[in-house]
Amino acid sequence: MAKKIPLQPENFELETNTVWSFSNRGKWATHDAKYRGNWSPYIPRNIILRYSQEGDTILDQFVGGGTTAVEAKLTGRNFIGIDINSKAVEISNSKCNFECDTNSKIDIFQGDARKLCIENESMDLICTHPPYADIIHYSEDIDGDLSLLAVKPFLTEIGKVAEESFRVLKQGKYCAILMGDTRKKGMVQPLAFETMRVFELAGFKTKEIIIKEQHNCKATGFWKTNSIKHNFLLLAHEYLFVFRK
């Protein structure tokens, strides 16, 4: 007899400080790590439980592998998920195809985070994980795919995402975004803080800056050798920004 997969994490507690570390990614419900670069479900769960209420509507305009969508359903929130990649939309809809005791309305469709077909001030929370410029390409040639852009043009386009996020979010509500840095020619490119500044320029106020530890950056083998040989440190953290409108 197959072991029944739990719908909720065991012994879950809300994070209470600004350093988050999840060595166990979390494998409850339909969560897995198959979608490259997806975030641990502990992150959206913490954000959703802290900054929204049951029955609220949550937006993730980079829905990717559907992690935020699954957490919205499990916690009794309504959800709008958008991705420019139809494959991501298909995966996310599949991830939400399970039974649970909530009455969440889940709506996931293809669209552009820079031009949302959503009414002004209609979202209760934004909880999203955009690509980190061109670190991971999520398509080969989809028009509007921000993961195909180098840092400078990426920041221009993420500025449009920030403006749309500000437009659709209700006054006094929160927008949470996970973003990491990159390295070019041995030098760190502070993509995360540049993104934070872009969102502030769109009108948001920064409520929290959370450091999220990465557990897939072990200094072993090839990377350990090159880190020492070429004198650079492996980037082993990301930033989770919580903005308030």
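This is a guided tour of a predicted model, stop by stop, with something to select at each one.

Because the model is predicted, local features are described where pLDDT is at least 70 and side-chain atom pairs count only at pLDDT 80 or more, while totals for chains, interfaces and linings use all residues. Residues are numbered from 1 along each chain as its sequence is written, and side-chain values use heavy atoms, with hydrogens and water left out.

**Stop 1: helices α1 and α2**

Select residues 42–51 for α1 and residues 67–74 for α2. Helices here are DSSP runs of H or I with at least four residues, strands are runs of E with at least two, and both are numbered from the N terminus. The two axes come within 9 Å and cross at roughly 45°; axes are lines fitted to C-alpha atoms, for helices over the stretch in contact, and angles run from 0 to 180 degrees between N-to-C directions. The pair is therefore oblique, the class left over once angles under 35 degrees are called roughly parallel, over 145 roughly antiparallel and 65 to 115 roughly perpendicular. Turn the view and you will find that α1 passes α2 in a right-handed crossing, meaning that the near helix is turned clockwise from the far one by less than a right angle.

Now show the side chains.

**Stop 2: inside α2**

Of its 8 residues, 8 are buried, so the helix is largely enclosed by the rest of the structure. Buried means under 20% relative accessible area, exposed over 50%, and partly exposed in between, with a 1.4 Å probe and protein chains only. The buried residues of α2 pack against α1, β2 (57–60), β3 (78–83), α3 (86–95), β4 (106–110) and β5.

Pick alanine 69, which lies in α2 and is buried at 0% relative accessibility. Not counting residues up to four places away in sequence, alanine 69 touches Phe79, Cys96, Ile106 and Ile108. Draw a C-alpha to C-alpha distance to phenylalanine 79: it is 10 residues away in sequence and 6.4 Å away in space. Following α2 is glycine 76, with a positive phi near 80°.

**Stop 3: a tyrosine pair**

Colour the aromatic residues next; the structure holds 14 aromatic pairs. Rings of Phe, Tyr and Trp (its six-membered ring) pair if their centres lie within 6.5 Å, and planes under 30 degrees apart count as stacked, over 60 as edge-to-face and the rest as tilted. Tyrosine 35 and tyrosine 138 are stacked, because their ring centres are 5.7 Å apart and their planes are at 10°. Tyrosine 35 sits in the loop between β1 (19–20) and α1, and tyrosine 138 in the loop between β5 (123–128) and α4 (151–168), so the pair ties together parts 103 residues apart in sequence. Tyrosine 35 is buried at 17%, whereas tyrosine 138 is partly exposed at 26%.

While in the loop between β5 and α4, click on alanine 133. Alanine 133 has a positive phi of about 50° although it is not a glycine. Most residues other than glycine have a negative phi. Alanine 133 is also buried, at 1%.

**Stop 4**

Select α4 with α5 (residues 191–201); their axes come within 9 Å and cross at roughly 40°. Val151, Phe154, Leu155, Ile158, Gly159, Ala162 and Ser165 in α4 meet Leu191, Glu194, Thr195, Val198 and Phe199 in α5. By class, that contact has 8 nonpolar, 3 polar and 1 charged.

Serine 165 is buried, at 1% relative accessibility. Beyond its neighbours within four places in sequence, serine 165 contacts Gln61, Ile126, Phe199 and Phe204.

To finish, select Phe166, Phe193, Phe199, Phe204, Tyr239, Phe241 and Phe243, which form one aromatic cluster. Within this selection, both phenylalanine 199 and phenylalanine 204 are buried.

Terms used
Contact = heavy atoms within 4.5 Å. Nonpolar A, V, L, I, M, F, W, Y, C, P; charged D, E, K, R; others polar.
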